[in-house]
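These are my notebook entries from an afternoon of looking things up in one structure.

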Amino acid sequence: MTKLVIVESPTKAKTISGYLPKDYVVMASMGHVRDLPSSAAEIPKAVRGESWARLGVDVEEGFAPLYVISPKRRDTIKKLKTALKDADELIIATDEDREGESIGWHLVEVLQPKVPVKRMVFHEITREAIERALSETRQIDDHLVRAQETRRILDRLVGYTLSPLLWKKIAPKLSAGRVQSVAVRLLVERERERHAFVKSGYWDLAASLAKQPDRPAERFGAALSHVGGKAVATGKDFDADTGQVAAGRDVLVLDEAAARALKARLEGADWAVTAVESRQATRSPSPPFTTSTLQQEAGRKLRLSARDTMRVAQSLYEQGFITYHRTDSVHLSDEAVDGARGRITDLYGKDYLSPKPRQFKTKSRNAQEAHEAIRPAGGEMKPVAELPLSGREAALYDLIWKRSMATQMAEARLEFASVTIEAADAVFRARGRRVLFPGFFRAYVEGSDDPEAAIEDQDAPLPELKQGEALSLRELEAVGHETKPPARFTEAALVKALEANGVGRPSTYASIISTIQDRGYVQKQGSALTPTFTAFAVTGLLESDFESLVNVGFTAEMEEDLDHIAEGKVDWQTYLARFFQGEKGLESLVGLAGDMVDPRSASTVALGEVRVRIGRFGPYLERGEGDARMTAALPEDLAPGDLTPELAEELLEKGQTGPEALGEDPATGQPVYLKDGPYGPYVQRGEDGTGKDRPPRVSLPKDVPAETVDLALALRLLELPRLLGEHPESGKEVRAGIGRFGPYVVHDGVFASLKKEDDVLEIDLARGLELLAAKAARGPGRGRATTANVLKALGEHPDDKEPVNILDGRYGPYVKHGKTNASLPKDADPQAYTLADALKLLSEKRGRGGPIKRSRVGE
């Protein structure tokens, strides 16, 4: 007989099986095996007539959930049941958090084993951890399961009760969610602040000074601080709502004329040091990563989305390279601390060790989940160069390794200098800093990719100066400034805000951010998350009629209640009844809103003097009523905070008068227009029509401003897709054009996107063939898996005749052959690299870790 061990994924199963005795069979459930029904088709016939069937929760009988087996998991369950027949013990080895506990409970419920069941938990996949977990098994924790199931039921009740109301009152296909709606509200509130923001302008002076005699290497900068004994205004002195100096601030506001007059007066003045101050300070390392801080830092340093960070971390965990990645804890085990301190001694020397082992206390509100921070698995603390990793996996592992190392390193010691300089009645200040001892900076500096470079950035010393010392003015510049509205949230900033307010769980942040984008509530503009007009309308309705559901404090209290259920202190059914039923329950509030909310009002977003309506086909501007009513389409990428009364007036005027023709196409005599559509500006030849009469249209390239388009450029765009020539191998056409996903080249049905440096109107056949070759080198089905660009084709590998290329990846140029990638040395010139050089590099890479099974370089 065997012992059946069930985990969630095949990768995890493969890694664990290497650490278990031969009579243990490890299989994967492929995640959740059952859930609440996701569509009417999944609801069993026996209950389809029940009033609660659509919810999938029997709210009339103790909130009993209706679980159905996913059609995608039926074969998996069949295989698990077959394996269970030959087992004398079932071991559930799913993840150690509440979701993992819930998956395990569902497996037991579905499999109905007649053999003993044990629960095995671990936070890293190493031989020692697996063997220890096998000797310390327990039973499935019913309280943890209840907490997770209550969360699932809560989310279903909120989503399936509120969403139909949004369909009726605002627009079809909208959705609400217990946590997603709070996240959207945070973004909407920030955008409201930006829309209400009043810009202010102010000026100051910047001086470049030198000791006497002048040594260019010792020049330093100083900023104007006071004039005539009065502080000069800076950005923080202005009220964001009025644009005026904030109440209680006694400051001098310089305009351009005053700043330039002061500049002229001071250029002939004597400059001297009047005070020199210095102080020393220490900087301590940040705690090791939790789920939230890993998502934030990976976003800042590696430009990874929260979703991609979690995907890569999941892979690293399942392969046994890092500890469990869903955790609120900053605790490090003794094994990790000892391993890190040993590695620090080897790499940097004992001077770089902290005087004693350093531990951190978890401060996150409602902390739970696993019991240790994210760190390299095991006690060896191997650097990334010693592991068979590449691409994103290598980059994220390296980030985790550096942060873990830094926790046990000495504090950095810095010296800060502040110098006061006077010229006539003006006071300037210069500030400098010097790194006395880098300490943990050697391994890790938050927000920086290169610790050594970051140390240099930290080091900005002033020359040695003494009180009373005369200085030489080398340059004096009048500098204008404008106050800036509050910055929009990035993914990292939103994750930080959600965690700080106790909203949701860090393990859910990635899916929340993805959901609000997928459902049209948020657009990404660069790295900024910008709420849409639809988000404004939905948030307005929820704030008006369901304030508690989008209240940050209330949502955080719900997380605490779920914690109490997990601890067995609160009954889950009583809690759900209080939330959903009764006079103030969600069910009653939705019924009341259905009767009271006016659809026209709910679908209208008022931004000062501007009115935006949410229609079936998206948002649009509206002014007036009846015969005087005017409407205009809104550009798809226009953020609500950027819609000013002036812009609204311009859009409404364009909407009434229609576009002005750029001129006539001399070949056809038809007018050529520049128009604005929901997906941005485009050029069109001929009048509007539909079907066969629809005129030719071409979108403007993203880097071409609409105001620069004239008739000549429009005609060139309307020639797209243009012929580049014939492919030398097939003899078929190669063309360049602009499609839904941007500029491209195409040959025989194969499309390859143009790079940023390519111009769709200028690209030639040679470059088009290069892009198509790069697409072919990536292999079928991998076109979207990487953005790597071929820098140089080196030729065929002598062993298998497969191509060897140098590609430009996210982390620098690298050689690619098949599935093996090898980074070029830091200072190597890709264009000077030969096939022989590349073969040597590939050989060394294979010698370290064998062929890479799956590359993520350049993704």
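The entries below go through a helix, some aromatic pairs and several sheets.

**Entry on the model**

I note at the start that this is a predicted model.

**Entry on helix H2**

I began with helix H2, which takes in residues 74–85, and checked its length. At 1.5 Å a residue its 12 residues should span 16 Å, and the C-alpha atoms at its ends are 17 Å apart, which agrees.

Next I asked which residues of H2 are buried. I found Thr76, Ile77, Leu80, Ala83 and Leu84 in that group. They cover an arc of only 125° around the axis, which puts them on the same side of H2. I was reminded here that an α-helix has 3.6 residues a turn, so residues three or four places apart point the same way. On the other side of H2 I found Arg74, Asp75, Lys78, Lys79 and Lys85, which are exposed.

What covers the buried residues of H2? I listed strand S1 (2–7), strand S2 (24–28), strand S6 (68–69), strand S7 (87–92) and helix H3 (98–111) as included in the cover.

When I left aside its neighbours within four places in sequence, I found Thr76 in contact with Ala28, Ser29 and Met30.

**Entry on aromatic pairs**

How many aromatic pairs does a search of the whole structure find? The search gave me 10, and I looked up two of these pairs in detail. A pair of aromatic rings is described by the distance of the centres and the angle of the planes.

For Tyr202 and Phe238 I noted ring centres 5.5 Å apart and planes at 25°, so the pair is stacked. Tyr202 lies in strand S9 (residues 201–211), while Phe238 lies in the loop between strand S11 (230–231) and helix H7 (256–266), so the pair ties together parts that are 36 residues apart in sequence. I checked the exposure of both residues and found that Tyr202 is buried and Phe238 is buried too.

For Tyr352 and Phe437 I noted a tilted pair, with 4.8 Å from centre to centre and 35° between the planes. Tyr352 lies in the loop between helix H10 (334–348) and helix H11 (391–406), and Phe437 in strand S14 (residues 426–437), so this pair ties together parts that are 85 residues apart in sequence. Here again I found both Tyr352 and Phe437 buried.

I looked at one pairing, S18 with strand S19 (residues 610–615), and found it antiparallel over 4 bridges. Leu607 stands opposite Val610 in S19.

**Entry on strand S24**

I found strand S24 (residues 680–685) mostly covered, with 5 of its 6 residues buried. Strand S23 (residues 671–677) pairs with S24 in the antiparallel sense over 6 bridges, and Tyr673 stands opposite Gln684 in S24. S24 is also joined by 3 bridges to strand S25 (residues 697–699), again antiparallel, and the bridge partner of Tyr682 in S25 is Ser699.

**Entry on the sheet S26 to S29**

My last entry is on an open sheet of 4 strands in the order S26-S27-S28-S29, with antiparallel pairing. Strand S26 (722–726) and strand S29 (750–753) stand at the edges with a single partner strand each, so one side of each is left without a neighbour in the sheet. I noted an average twist of 30° from one strand to the next. Strand S28 (residues 742–747) pairs with S29 in the antiparallel sense over 4 bridges, and Tyr744 stands opposite Ser753 in S29.

Conventions. Residues numbered from 1 in each chain as written. Predicted model: local features only at pLDDT ≥ 70, side-chain atom pairs only at ≥ 80, totals over all residues. Heavy atoms only, no water. Pairing = 2+ DSSP bridges. Helix = DSSP H or I, 4+ residues; strand = E, 2+ residues; numbered from the N terminus. Axes fitted to C-alpha atoms, helices over the stretch in contact; angles between N-to-C directions. Expected span 1.5 Å × (residues − 1). Buried < 20%, exposed > 50% of the residue type's maximum accessible area, 1.4 Å probe, protein only. Arc of directions from axis to C-beta. Contact = heavy atoms within 4.5 Å. Phe/Tyr/Trp six-rings, centres within 6.5 Å; stacked < 30°, edge-to-face > 60°.
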